[in-house]
Amino acid sequence: MMDYLKAFLVGGAICAVGQLLMDFTKLTPARILVTFVTVGAILQGIGIYQKIVDFGGAGATTPLTGFGYTLAKGAIKEVKEAGMLGALTGGLKSTAGGISGAIFFGYMAALLFNPKSKK
Amino acid sequence: MKTKMSSKQYEQYIKNKMPKPAYLKNCVAAFIVGGLICDVAQLISNTAKSYGYNQEAVSSITAASMVFLGAFLTGLGIYDRIGKFAGAGSIVPITGFANSIVSPAMEFKREGFVFGVGAKMFILAGPVLVYGVSVSILIGTIYYILGK
């Protein structure tokens, strides 16, 4: 049960930061997403994000900062195992499930559904 | 990227915005919805773990499942309704990434399946991948050099 509370708090906090950025700066959602991925990757690069993940679980990995975290973590892991080439292959290897899923499920959803009229 | 605005300008900006109470409401809505979405991911992750998958498999299963949910709910038109209330709470989680793929893809279907659906899918996801992957390569490279 603790898992869920922690995930809620950490995930909620990260989303709230995103909301504050949207409201108080003129950043568009696209820029927020790019910023979050980049920040997550950098935080993992300097070893901070792992601690947030250890505490928050899915609350830290589900927001897009977690996507950056997984990319960076994968790159570092592959560098350890395969050397220089790992920097090139590690990131996408570790996120392949999410990215391929997003492309395939996204494509399928776009085929099957039509946009709902907006009010 | 964060220091684009000087702190003085930023303070001024906040002052102009502060009186409107919607900002607190938005923030709370984002917190709650974002938190709940992460709890769904936690549930999937715990379930996968209880089936004995290792850590990497668990995170792939969770990411793929969340992306599926995001895409499916977007197709049904439910995700955008959540988004109206939740703002960043629905944009920042990975389900929002799926939403950013499906929404434009559906919208531009009439422009065909190559330049409509195929290309427009990446109108938001493209930049995310470009920056995310590039930064991860830079980090891996730096790590390699420092590790020498």
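This is a predicted model: local features need pLDDT of at least 70, side-chain atom pairs count only at pLDDT 80 or more; totals for chains, interfaces and linings use all residues.
## Chain B as a whole

Chain B contains 8 helices and 0 strands. Read from the N terminus, its elements follow the order α-α-α-α-α-α-α-α. The radius of gyration of chain B is 19 Å, well over the 15 Å that the globule rule gives for 148 residues, so chain B is more spread out than a compact globule. The C-alpha trace of chain B spans about 50 × 50 × 40 Å along its principal axes.

Of the 148 residues in chain B, 43% count as buried. Among contacts in chain B with a separation of 6 or more, 53% are between residues 24 or more positions apart.

## The interface between the chains

On the chain A side, 71 residues are in contact with 68 residues of chain B. Three residues, A:Tyr4, A:Phe8 and A:Phe24, supply 12% of the area that chain A buries against chain B, more than any other three residues. The area buried between the two chains is about 6100 Å². Carbon and sulfur atoms give 77% of that area.

Polar links are also present. Between chain A and chain B there are 12 residue pairs in polar contact, counting pairs with both residues at pLDDT 80 or more. Several elements of chain A give two or more residues each to the side that touches chain B: helix 1, helix 2 (29-45), helix 4 (58-61), helix 5 (64-82) and helix 6 (85-112). The largest share of this side, 17 residues, comes from helix 1 of chain A. Sorted by class, the side of chain A that touches chain B has 43 nonpolar, 19 polar and 9 charged residues.

## A:Asp23 in helix 1

A:Asp23 belongs to helix 1 of chain A, which covers residues 2-24. Is A:Asp23 buried or exposed? A:Asp23 is buried, because its relative accessible area is 14%, below the 20% cut-off for that class. Leaving aside residues up to four places away in sequence, A:Asp23 touches B:Tyr23 and B:Asn26.

Side chains of opposite charge can pair when their charged atoms come close. Over all chains, the count comes to 3 salt bridges. Between chain A and chain B the count is 1.

The side chains of B:Glu56 and A:Lys77 meet in a salt bridge, with 3.1 Å from N to O. This pair crosses between chains, running from helix 3 (residues 55-76) of chain B, where B:Glu56 lies, to helix 5 of chain A, where A:Lys77 lies. A:Lys77 counts as partly exposed, at 33% relative accessibility.

A:Lys77 also forms a salt bridge with A:Glu81, and here the closest N and O atoms are 4.0 Å apart. Both A:Glu81 and A:Lys77 lie in helix 5 of chain A, 4 residues apart, about one turn of the helix. A:Glu81 counts as exposed, because its relative accessibility is 57%, over the 50% that the class requires.

## A salt bridge within chain A

Which residue forms a salt bridge with A:Lys93? The partner is A:Glu78, with the closest N and O atoms 3.1 Å apart. A:Lys93 is in helix 6 of chain A and A:Glu78 is in helix 5 of chain A, so the pair ties together parts that are 15 residues apart in sequence.

As for the bridges described under the previous heading, shared partners join A:Lys77, A:Glu81 and B:Glu56 into one network.

## A:Ala82 in helix 5

A:Ala82 is another residue of helix 5 of chain A. With a relative accessible area of 45%, A:Ala82 is partly exposed. A:Ala82 and A:Val37 are 45 residues apart in sequence, and their C-alpha atoms are 24 Å apart in space.

Terms used: Residues are numbered from 1 along each chain as its sequence is written. Chains are lettered from A and ligands numbered from 1 in the order in which they are written. Side-chain values use heavy atoms; hydrogens and water are left out. Buried means under 20% relative accessible area, exposed over 50%, partly exposed in between (1.4 Å probe, protein chains only). Contact means heavy atoms within 4.5 Å. Buried area is the accessible area (1.4 Å probe) that two parts lose on being put together, summed over both. A polar contact is a pair of N or O atoms within 3.5 Å; within protein, one must be able to donate a hydrogen and the other to accept it, and residues adjacent in sequence count only if both atoms are side-chain atoms. Ala, Val, Leu, Ile, Met, Phe, Trp, Tyr, Cys and Pro count as nonpolar, Asp, Glu, Lys and Arg as charged, and the others, Gly among them, as polar. The radius of gyration is taken over C-alpha atoms; the globule rule is 2.2 Å times the number of residues to the power 0.38.
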